[in-house]
Amino acid sequence: EKLLVLTVATKQTEGFQRFRRSAQFFNYKIQVLGLEEEWQGGDDQQPAGGGQKVRLLKSALKQYEDKEDLIILFTESYDVLFASGPTELLKKFKQAKSKVVFSAENYIYPDRKLEAKYPQVRDGKRFLGSGGFIGYAPNLKKLVEEWKGEDDDSDQLFYTNIFLDPEKRESINISLDHRSRIFQNLNGALDEIVLKFENSRVRARNLLYDTLPVVIHGNGPTKLQLNYLGNYIPQIWTFETGCTVCDEGLRSLVGFKDEALPMILIGIFIEQPTPFLSQFFLRLRNLHYPKQRIQLFIHNHEEHHVMEVDSFVEEHGKEYLTVKVIGPDDEVENAEARNLGMDLCRKDPDCDYYFSLDAEVVLKNTETLRILIEQNKLVIAPLVSRHEKLWSNFWGALSPDGYYARSEDYVDIVQRRRVGLWNVPYISSVYMVKAKALRSELDQGDLFHSGKLDADMAFCHNVRSQ
């Protein structure tokens, strides 16, 4: 009862839902500041910003000013996970013997020139991180009382300047969590962190200091690593329980009459000579879903396959709601064709889902469309792999330059030793996108171009950044 968590979230993003889920798992009491407020605090692309968070915190603290023994944790939410509960958090805070404890990191930000003013440390991280701090309510009130900045001023710089002023540091009684006992900032520390599986729970362990941080923060360019950790922590997937979130938020299609089922636009892409194409069309027809609720968009780039496509459309086209074919003579390139397919769904108010399917994918499971719709996600791919090979249609990680990197769990997932729902940075070949996402977050018409990236990589890059 002596602990309150304050966080800022203007929108309930998937990152926020993940944060809230981990908080509920440990029964943290959370108060969200700024919901539905316009975010003015700058974006990830700009170096500083975040002043809006200080303003919201300052105004929220007014109601707690007489609560001498209330301890408040202030943290980010979109890129934060709880790995342990309030009891451990309070114990570690009290062991720190300060009235306010800030997270610490390896990098100084946003002003390198301040480095000389920082106290030296024998061991641990030296610089303040503003993404997480914990303290007694009166001390936090004192910490933010001088804030008069703009919403897009730097919160990090504001707190840094207070910490670097020896008088203020002493009077508020601030210290840093040098050894990541409470807070783990991932930026500059990825080599320090491993997953620790223990009795149907998963923690992040800091190997450098041999600590088990309570709050994990994917600050700076480490969002993808946080996504990876979030596939497990605190109990999303464990060896004992398997996947604990696979049944969350499902949309059941049981009992729906055919004409009431969601409308799907299937985009089919034949980008190179593909063996067994007639088999592919046979499998398409065998999908257990009413054809009158399916529209087809076919992009055939290969002269060689024109006859097979024509005969499929001639014999079976009338079974489907609509069929549109773009052939080799139309000279439409891969990325352009994929944009066109998505746009057809985006612009059709009746389209509920867009299903992208490359001709080399063998869909053996006739229930694929229903299973994916029932998962009720904005963007989701079924796992497909090559027989007895490690090739699949996803990557578990990206290298710093944005290309393939193997994640620790990649082989286990491809070989079905770990079955679940995985947040990954890259998918290709077959995936489903909700039309409502195409009309909102993903409404920019060109999702398949980005710099020099291939169409599939550009698509994933654009979806992640939106």
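G341 lies in helix α10 (residues 334-347); helices (H or I, at least four residues) and strands (E, at least two) are DSSP runs, numbered from the N terminus. The model is predicted, so local features need pLDDT of at least 70 and side-chain atom pairs count only at pLDDT 80 or more, while totals for chains, interfaces and linings use all residues. Residues are numbered from 1 along each chain as its sequence is written, and side-chain values use heavy atoms, with hydrogens and water left out.

**G341**
- G341 counts as buried because its relative accessibility is 0% (buried is under 20% relative accessible area, exposed over 50%, partly exposed in between, with a 1.4 Å probe and protein chains only).
- Leaving aside neighbours within four places in sequence, G341 is in contact (heavy atoms within 4.5 Å) with L265, F297 and Y354.
- I266 is 75 residues from G341 along the chain, and their C-alpha atoms are separated by 8.3 Å.

**Nonpolar cores**
- A nonpolar core is a set of buried Ala, Val, Leu, Ile, Met, Phe, Trp, Tyr and Cys residues joined through side-chain atoms within 4.5 Å.
- The largest one has 48 residues, and I216, L229, I233, M342, L438, F448 and F459 touch the most other members.
- Helix α14 (residues 455-465) gives the most to this core, with five residues.
- At least three residues of this core come from each of domain 1 (3-243) and domain 2 (258-381 + 428-465), with bounds from an automatic or database domain assignment.
- M342, leaving aside its neighbours within four places in sequence, has contacts that include Y354, Y431 and V433.
- A second, separate core of 35 residues includes I108, V144, L164 and I174.

**Helix α1**
- Helix α1 (residues 14-25) has buried residues G15, F16, R18, F19, S22 and A23.
- These buried residues fall within an arc of 160° seen down the axis, so they line one face of the helix (the arc is that of the directions from the helix axis to the C-beta atoms).
- Exposed E14 and Q24 sit on the face of α1 turned away from its buried side.
- Among the elements covering the buried residues of α1 are β1 (3-8), β2 (30-33) and α7 (223-230).

**H178**
- H178 is found in the loop between β7 (174-177) and β8 (183-185).
- With a relative accessible area of 24%, H178 is partly exposed.
- The side chain of H178 reaches the backbone oxygen of K125 at 2.6 Å.

Note on methods: A polar contact is a pair of N or O atoms within 3.5 Å; within protein, one must be able to donate a hydrogen and the other to accept it, and residues adjacent in sequence count only if both atoms are side-chain atoms.
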